[in-house]
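Me: Can you walk me through this structure? I'd like to go topic by topic.

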Amino acid sequence: MSSRTLYRLSGISLFIGSLLLIIGEILSFFSGNSQVSTIATASALIRLISGMLIVLGLPGIYARFAEQAGIVGLIGFISTFFLFLIGMASEAILAFIFPFLGAHG
């Protein structure tokens, strides 16, 4: 795969992930305080998928700008990458474990 293709696919992944994240946040606004409602579960699942797409696209974009970013860019990339990984873990709990506990609680 050429580097140009990698940069384009990474950008598309980040763009689609960002749009899905916005949609998931809007849906979570309408779910209220109930973590076991269908809207809350769908919102958490959409945010989980968006986090996966963003984590998939970040390394390619960093590879594109690594020389210009320097050490501060590397620190920012690593921080953002792990922030999204932690967020994905919490969204997985919200999407799969809370509805199960609410149904069998």
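Reply: What follows covers the overall fold, then the helices, the salt bridges and the surface. One caveat is that this is a predicted model.

Me: How many helices and strands does the protein have?

Reply: The protein has two helices and zero strands. Helix α1 covers residues 3-30, and helix α2 covers residues 38-104.

Me: What share of the residues counts as buried?

Reply: Of the 105 residues, 25% count as buried. The accessible surface comes to about 6,900 Å², and 75% of that area belongs to carbon and sulfur atoms.

Me: And the contacts, what share joins residues at least 24 apart?

Reply: That share is 70%, counted among contacts between residues at least 6 apart in sequence.

Me: OK, helix α1. How far apart are its end C-alpha atoms, and what span should its 28 residues give?

Reply: The end C-alpha atoms of α1 are 41 Å apart. At 1.5 Å a residue, the 28 residues should span 40 Å, so the two values agree.

Me: What comes after α1?

Reply: Gly32 follows α1, and its phi is positive, near 75 degrees.

Me: Which residues of α1 are buried?

Reply: Ser10, Ser13, Leu14, Gly17 and Gly24 are the buried residues of α1. They pack against α2.

Me: Take Ser13. What does it touch?

Reply: Leaving out residues up to four places away in sequence, Ser13 touches Leu53, Ile54, Leu56 and Gly57. Ser13 lies in helix α1 and has a relative accessible area of 8%. Buried means under 20%, so Ser13 qualifies.

Me: And Leu14, which residues is it in contact with?

Reply: Leu14 is in contact with Ile54, Gly57, Leu58 and Ile61, again leaving aside neighbours within four places in sequence. Leu14 and Gly57 are 43 residues apart in sequence and 5.3 Å apart in space, C-alpha to C-alpha.

Me: Why does Leu14 count as buried?

Reply: Because its relative accessible area is 19%, and the cut-off for buried is under 20%.

Me: Switching to charges. How many salt bridges does the structure hold?

Reply: Two salt bridges. One joins the side chains of Glu25 and Arg47, at 3.9 Å from N to O. That pair links distant parts of the chain, with Glu25 in helix α1 and Arg47 in helix α2, 22 residues apart. The other joins the side chains of Glu91 and Arg47, at 2.8 Å from N to O. Through shared partners, Glu25, Arg47 and Glu91 form one network.

Me: Why would side chains like those pair at all?

Reply: Side chains of opposite charge can pair when their charged atoms come close.

Me: Is Arg47 buried or exposed?

Reply: Arg47 is buried, with a relative accessible area of 10%.

Me: Which helix gives the most to it?

Reply: Helix α1 does, with 10 residues.

Me: Are Phe29 and Phe30 buried or exposed?

Reply: Phe29 counts as exposed at 65% relative accessibility. Phe30 is exposed too, with a relative accessible area of 57%. Exposed means over 50%, so each of these values passes the cut-off.

Methods
Residues are numbered from 1 along each chain as its sequence is written. This is a predicted model: local features need pLDDT of at least 70, side-chain atom pairs count only at pLDDT 80 or more; totals for chains, interfaces and linings use all residues. Side-chain values use heavy atoms; hydrogens and water are left out. Helices (H or I, at least four residues) and strands (E, at least two) are DSSP runs, numbered from the N terminus. Buried means under 20% relative accessible area, exposed over 50%, partly exposed in between (1.4 Å probe, protein chains only). A salt bridge is a side-chain nitrogen of Lys or Arg within 4 Å of a carboxyl oxygen of Asp or Glu. Contact means heavy atoms within 4.5 Å. Accessible areas come from the Shrake-Rupley method with a 1.4 Å probe; for residues, only the protein chains shown count as cover. The expected span of a helix is 1.5 Å times one less than its number of residues.
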